[in-house]
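User: I'm new to this one. Can you put the structure up and take a few questions?
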Amino acid sequence: MPFVGLGVGRQRFIDSGGGFIGLLDEYSGAAAAYSLRKLSSTYSGDAIEVRRSSDNATQDIGFTSGELDTTTLSTFCSGTDGFVTTWYDQSGNGNDATQTTAANQPKIYDSSSGVITIGDSSKPSLECSTSSLILTTAITPTNFCIIHTSEGQGFIANINSYIRISNYYRYNIGGNNYISNDGNATNQSIYIGNRNGTTLNFRRNGNDMLSSPFTSVASALNIISIFNVSSIYFEGKSSEFIIYDSDQSSNFSGIESNINDFYSIY
Amino acid sequence: MQGYKYDTEQEAITARQQAADYKGYPIRPNDTTIYWVNYSYSELDGFYYIRHVEGLEAVLGEPSDITITPHEEI
């Protein structure tokens, strides 16, 4: 299938006919997928539901040309702050991530500076402080691959098993620690945590950071969050989480390239 | 951390509802947002707590310093 890249920071399109091709078209089978860019040609829903603080009105914000419709977002939130109440699942499984508590909702629009952005690409991002989003249906994988692009002290988590970034990476699953020897949480990065049988891999920006024997049973994944030591909360920025309930080690390079082409991370 | 500490979950639920009522959540019947703040449970300390946010003192009173023992720290 012929692809024509539109340059760094752009989504991919087929040249003839201009059809959209997203990450999930190339790497299918995600259990849940959340992003501020469009990930699938078959997904026709919105990206996020936003609550504005001035009157607590909400509005769905969709995509334009495969990216978050920041024009509609800016119009809706003009002069006030905007917070994400729902991050819609683009996988087709309807597993939306929501936050019913106002104080824990990630921020997407600032009354003074406008749309929150991440990294050098200045793409839209969720800004999180004591924030988390709860999956509608918990995912209980045997093998898994969790991919996210984030900046700050962050990770993907659930109550009992989590991946942590705080100047290092850590998996804690079933009470066993798996610690990387490298980490850099201050810049936007692409993180992949993958389990294949008894092997656990952790990658950052295309580099293996950790490969460890892994025998614990992962418990249900039900929260997208970034860890703050005393509580399970976001502390940083994030723009994309994709969760596979299967091993994706053969697709690491392709997935990382897709994300990096869009966000220009490394 | 500044916040509010509760010995029982029911006390925390009541405080959460008081805060929601103060802000008028949910604003509309089908709103996703139904609470202003939520409570957490510190397993290692055995109490419930609500983290302070700006303005919460108007309904829950002045917050106090709360120390949470993290699950694990390296």
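User: Is Gln99(A) buried or exposed?
Analyst: Gln99(A) is buried, because its relative accessibility is 5%; buried means under 20% relative accessible area, exposed over 50%, and partly exposed in between, with a 1.4 Å probe and protein chains only. This is a predicted model, where local features need pLDDT of at least 70, side-chain atom pairs count only at pLDDT 80 or more, and totals for chains, interfaces and linings use all residues. Residues are numbered from 1 along each chain as written, chains are lettered from A and ligands numbered from 1 in the order written, and side-chain values use heavy atoms, leaving out hydrogens and water.
User: Where does Gln99(A) lie?
Analyst: In chain A, Gln99(A) is in the loop between β10 (97-98) and β11 (107-110). Strands are DSSP runs of E with at least two residues, helices are runs of H or I with at least four, and both are numbered from the N terminus.
User: Which residues does Gln99(A) touch?
Analyst: Leaving aside residues up to four places away in sequence, Gln99(A) touches Thr85(A), Asn104(A), Gln105(A), Ser132(A), Leu133(A) and, in chain B, Thr32(B). Touching here means heavy atoms within 4.5 Å. The Gln99(A) side chain also reaches the backbone nitrogen of Thr101(A), at 3.0 Å.
User: New topic. How many salt bridges are there over all chains?
Analyst: The count is 8, taking a salt bridge as a side-chain nitrogen of Lys or Arg within 4 Å of a carboxyl oxygen of Asp or Glu. One of them joins Arg203(A) and Glu256(A) at 2.7 Å, N to O. That pair links distant parts of the chain, 53 residues apart: Arg203(A) is in strand β21 (residues 199-204) and Glu256(A) in helix α3 (residues 252-263) of chain A.
User: Why does Glu256(A) count as buried?
Analyst: Because its relative accessible area is 3%.
User: What follows α3(A)?
Analyst: Ser264(A), with a positive phi near 50°.

How values were computed: A polar contact is a pair of N or O atoms within 3.5 Å; within protein, one must be able to donate a hydrogen and the other to accept it, and residues adjacent in sequence count only if both atoms are side-chain atoms.
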